[in-house]
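Look at the structure first, then read on.

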Amino acid sequence: MLAFKSFQQELDARHDKYERLVKLSRDITVESKRTIFLLHRITSAPDMEEILTESEIKLDGVRQKILQVAQELSGEDMHQFHRAITTGLQEYVEAVSFQHFIKTRSLISMDEINKQLIFSTEDNGKENKTPSSDAQDNKQCGTWRLKITPVDYLLGVADLTGELMRMCINSVGNGDIDTPFEVSQFLRQVYDGFSFIGNTGPYEVSKKLYTLKQSLAKVENACYALKVRGSEIPKHMLADVFSVKTEMIDQEEGIS
């Protein structure tokens, strides 16, 4: 009975930890989505730097949530709890890579993302939330870190392509002719990279390859219309033309 009592306590503690991680992952997802929505305003905002600064503040808040995840996982095998946090981490990768693309027109590496997820006791002081007793015991080490797995990184980048497609269409509606061609070139490179993985990678990655291909097709159609009919169509009507093209592509894919 004593042995089974200890097993019960261990399983209950593990279940409680899993539930705390699920809640943190949900918070990370929500805040990351809000950051992405904020960054989409950059196509119509007069002051780009102000939005980038605000997005950095929001991402700092997300990293404070990830710090709590790192504290919960301190001394644990991350892969046992990976399913609880993977959704939040993918959304965070999407938000960070979207911000990085807007700044540099390039893709952020997994190493760069992981460098941002090394925390010290000073970072812990930014948000006074009570971590679990296990995490409090590990405070003495002074640093926590959480590594984004290659699969989470790839899935986050795959989701990024959908946001870039939306940014492309929005920018054309605001008279920006250069962004669609920059996005198109970038998406081709990303698609080529995913094509090398093909069906040899995880199931989720090959599943998102189809969505990536859809986003690339929509951006390429926008670039085609700009190149061929751009001089004929007034700038304020370009967005309407692209929305009609997008609906036609969706209908054709639905039929096929």
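How do α3 and α7 lie to each other: roughly parallel or oblique? The model is predicted. Two packed helices are described by the angle between their axes and the distance between the axes.

**α3 and α7**
- Helix α3 covers residues 82–104, and helix α7 covers residues 150–173.
- Their axes are 8 Å apart and meet at an angle of about 45°.
- Roughly parallel would need an angle under 35 degrees, so α3 and α7 are oblique to each other.
- The crossing of α3 and α7 is right-handed.
- On the α3 side, the contact residues include L89, V93, F98 and F101.
- On the α7 side, they include Y153, L155, L160 and M167.
- Sorted by class, this contact has eleven nonpolar, five polar and four charged residues.

**α1 on its own**
- Helix α1 runs over residues 2–40, which is 39 residues.
- At 1.5 Å a residue, α1 should span 57 Å.
- Its end C-alpha atoms lie 58 Å apart, which agrees.
- Buried residues of α1 include K17, L21, L24 and H40.

**α1 and α3**
- The axes of α1 and α3 come within 8 Å and cross at roughly 20°.
- Angles under 35 degrees count as roughly parallel, and α1 and α3 are therefore roughly parallel to each other.
- Their crossing is left-handed.
- In α1, L21, I28 and L39 are among the residues that meet α3.
- In α3, I85, Y92 and F98 are among the residues that meet α1.
- This contact has twelve nonpolar, eight polar and four charged residues.

Technical notes: Residues numbered from 1 in each chain as written. Predicted model: local features only at pLDDT ≥ 70, side-chain atom pairs only at ≥ 80, totals over all residues. Heavy atoms only, no water. Axes fitted to C-alpha atoms, helices over the stretch in contact; angles between N-to-C directions. Helix = DSSP H or I, 4+ residues; strand = E, 2+ residues; numbered from the N terminus. Parallel < 35°, antiparallel > 145°, perpendicular 65-115°, else oblique. Left-handed = near helix turned anticlockwise from the far one by under 90°. Contact = heavy atoms within 4.5 Å. Nonpolar A, V, L, I, M, F, W, Y, C, P; charged D, E, K, R; others polar. Expected span 1.5 Å × (residues − 1). Buried < 20%, exposed > 50% of the residue type's maximum accessible area, 1.4 Å probe, protein only.
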